[in-house]
Amino acid sequence: MTFTSNILISLLAIFILFNSSSAANLVYNVKNYGAKSDGKSDSTTPFLSAWVAACASTSPATIYVPPGNYLLRSIMFAGQSCKSSAITIRIDGTLLAPSDYNVIGNSGNWLKFERVNGLSIYGGTIDGQGSRLWACKTSGKSCPHGATSLAFYNSNNIVINGLTSTNSQMFHILIDGCHSAKLQGLKVSAPGDSPNTDGIHIQESTGVAILSTHIGTGDDCISIGHGNSNLWIENIACGPGHGISIGSLGWDLEEAGVQNVTVRTVTFTGTENGVRVKTWARPSNGFVRNVVFQHALMVNVHNPIIIDQNYCPDHKNCPSQGSGVKISDITYQDIHGTSATQVAMKLDCSKNSPCSNIKMEDVNLSYMDQPASASCENAGGEASGTVEPSGCL
Ligand SMILES: *[C@@H]1O[C@H](CO)[C@@H](O)[C@H](O)[C@H]1NC(C)=O
Ligand SMILES: *[C@@H]1O[C@H](CO)[C@@H](O)[C@H](O)[C@H]1NC(C)=O
């Protein structure tokens with residue numbers, strides 16, 4: 001054998017070795033890092049150690065959480081210096097927040113991911129154990145703000161599949177500053193009277209899809225804040241709760257708008273709102289445009305279709321009493337069912353910046369087996385097909 005062919009063979013061997021090791025999926029079982037599944041021992045440090053190990057892997061890595069209950073305080077999973085860009089967290093157990101709300105109630109978030117690229121979470125239950133905090137809030141005592149159960153900041157290529165999130169102190173899931181996230185087959189639940197327990201809140205993000213998900217909470221099922229584009233929300237059951245809301249927007253004068261949002265095939269059951277756009281009655285250069293609400297069934301919903309541009313609780317903080325947020329190109333198509341109030345369609349647009357190009361097609365909402373009514377201000381656009389209640393556009 002010649003010297004050159006020896007080198008070639010060595011190079012080949014290194015190449016094969018490198019390739020096979022990068023294809024291996026290494027598994028980091030949290031129990032091997034000291035996590036206890038008794039629901040009482042604090043497993044925060046073991047979970048963090050498993051994360052650090054998976055994150056340092058140059059191969060795809062899986063963190064495995066076996067069946068059982070794991071008590072966790074607030075954790076930040078930092079992805080900034082991760083070598084692996086394919087981390088999977090497979091959960092067969094339940095993650096429990098401390099039942100004493102003072103432990104995590106002032107930390108903002110319970111399970112927080114920051115600057116993570118390529119993370120998938122499969123299965124599992126996360127239980128925020130929020131009931132004592134809600135009771136404190138409802139009693140009017142002074143209590144912590146509460147923590148969001150699962151939060152993603154400035155992260156890309158996220159998949160959450162088959163997760164159950166229950167009884168969060170505050171928001172159940174937050175997507176903030178993210179690009180490309182797919183949430184599928186989730187169950188999100190908290191009692192209908194639990195304060196601020198929004199299901200999924202999205203802001204400053206692009207390319208987020210929420211699919212085949214059941215959400216019933218004490219606040220919005222899904223809320224879409226400022227700076228979002230290219231959202232796809234499909235096959236959702238919502239209720240109890242406040243419905244699917246774009247907003248509140250327009251608190252700030254300079255605010256990134258919301259555009260290209262599709263919400264389709266949603267059943268709203270007994271919710272306060274169905275599909276809502278809500279803006280503060282304050283000056284703002286924000287906007288909402290290119291939104292499609294399609295194929296929705298309303299079952300006894302208080303405000304099935306609503307645009308509220310005069311949001312100003314207690315008439316405080318709204319100097320000009322008119323929203324600057326420009327709403328245009330909103331389509332409502334194939335929306336039917338029952339309203340729990342007489343006014344099933346309310347387009348209360350801003351006198352300063354009227355809504356334009358609102359399209360209604362095949363809408364049929366009734367109230368107590370009677371035709372419902374519509375109430376509209378400063379809304380322009382067109383109706384086609386059946387539109388009941390009529391008279392708005
Ligand atoms: C709108 O968003 C969808 C994803 O929700 C995306 O596929 C589509 O390309 C976007 N359209 C525009 C014009 O950006
Ligand atoms: C609207 O729905 C009601 C109740 O389902 C139905 O009786 C009525 O015929 C529908 N109206 C139109 C115009 O389709």
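Visitor: How far is the sulfur of Cys178 from the closest cysteine sulfur?
Guide: It is 15 Å away, and the partner is Cys82. That is too far for a bond. A disulfide here is a pair of cysteine sulfur atoms within 2.5 Å.

Visitor: Is that Cys178 buried or exposed?
Guide: Cys178 is buried, at a relative accessible area of 3%. The cut-offs: buried is under 20% relative accessible area, exposed is over 50%, and partly exposed lies in between, using a 1.4 Å probe and protein chains only.

Visitor: What sort of model am I looking at, and how is it numbered?
Guide: This is a predicted model, where local features need pLDDT of at least 70, side-chain atom pairs count only at pLDDT 80 or more, and totals for chains, interfaces and linings use all residues. Residues are numbered from 1 along each chain as its sequence is written, chains are lettered from A and ligands numbered from 1 in written order, and side-chain values use heavy atoms, without hydrogens or water.

Visitor: OK, back to sulfur. How many disulfides are there?
Guide: The count is six disulfides. Count the bonded cysteines along the chain and the pattern is 1-2, 3-4, 5-6, 7-8, 9-10, 11-12.

Visitor: Which residue does Cys55 pair with?
Guide: Cys55 is joined to Cys82, S to S 2.2 Å. The pair links distant parts of the chain, 27 residues apart. Cys55 sits in helix 2 (residues 44-56), and Cys82 in the loop between strand 5 (75-78) and strand 6 (87-96). Helices (H or I, at least four residues) and strands (E, at least two) are DSSP runs, numbered from the N terminus.

Visitor: Left-handed or right-handed?
Guide: Left-handed, because the torsion about the S-S bond of Cys55 and Cys82 is about -115°. Cys55 itself counts as buried, at 7% relative accessibility.

Visitor: And Cys221 with Cys238: what is the handedness there?
Guide: The S-S torsion of Cys221 and Cys238 is about 90°, so that disulfide is right-handed. Cys221 is in the loop between strand 16 (206-216) and strand 17 (222-224), while Cys238 is in strand 18, so the bond ties together parts 17 residues apart in sequence. The sulfur atoms of Cys221 and Cys238 are 2.2 Å apart. Cys221 is buried at 0% relative accessible area, and Cys238 counts as buried at 1%.

Visitor: What about Cys376? Which residue is its partner?
Guide: Cys376 is joined to Cys392, S to S 1.5 Å. Their S-S torsion is about 80°, so the disulfide is right-handed. Cys376 lies in strand 28 (residues 373-377) and Cys392 in the segment after strand 29 (379-388), 16 residues apart in sequence. Cys376 counts as partly exposed, at 27% relative accessibility. Cys392 counts as buried, at 16%.

Visitor: Switching topic. What surrounds ligand 1?
Guide: Asn230, Leu231, Trp232 and Asn260. A residue is near a molecule if one of its heavy atoms lies within 4 Å of it. The protein covers 37% of the 360 Å² of accessible area that ligand 1 has on its own. Those areas come from the Shrake-Rupley method with a 1.4 Å probe.

Visitor: Which strand gives the largest share of that shell?
Guide: Strand 18 (residues 229-238), with three residues. The shell around ligand 1 has two nonpolar residues, two polar and no charged. Asn260 puts a polar side-chain atom 2.4 Å from an oxygen atom of ligand 1.

Visitor: Where is Thr279?
Guide: In strand 21 (residues 273-280). Thr279 is buried, at 0% relative accessible area. Beyond residues up to four places away in sequence, Thr279 touches several others, including Leu249, Asp308, Tyr311 and Ile327. Contact means heavy atoms within 4.5 Å.

Visitor: And Ser212: which strand is that in?
Guide: Strand 16. Ser212 is partly exposed, at 34% relative accessible area. Leaving aside neighbours within four places in sequence, Ser212 contacts Gln184, Gly185, Leu186, Glu234 and Asn235.

Visitor: Last one. How many helices and strands are in the protein chain?
Guide: Three helices and 29 strands. Of the 393 residues, 50% count as buried. The C-alpha atoms fill a box of roughly 90 × 55 × 40 Å along the principal axes.

Technical notes
A polar contact is a pair of N or O atoms within 3.5 Å; within protein, one must be able to donate a hydrogen and the other to accept it, and residues adjacent in sequence count only if both atoms are side-chain atoms. Ala, Val, Leu, Ile, Met, Phe, Trp, Tyr, Cys and Pro count as nonpolar, Asp, Glu, Lys and Arg as charged, and the others, Gly among them, as polar.
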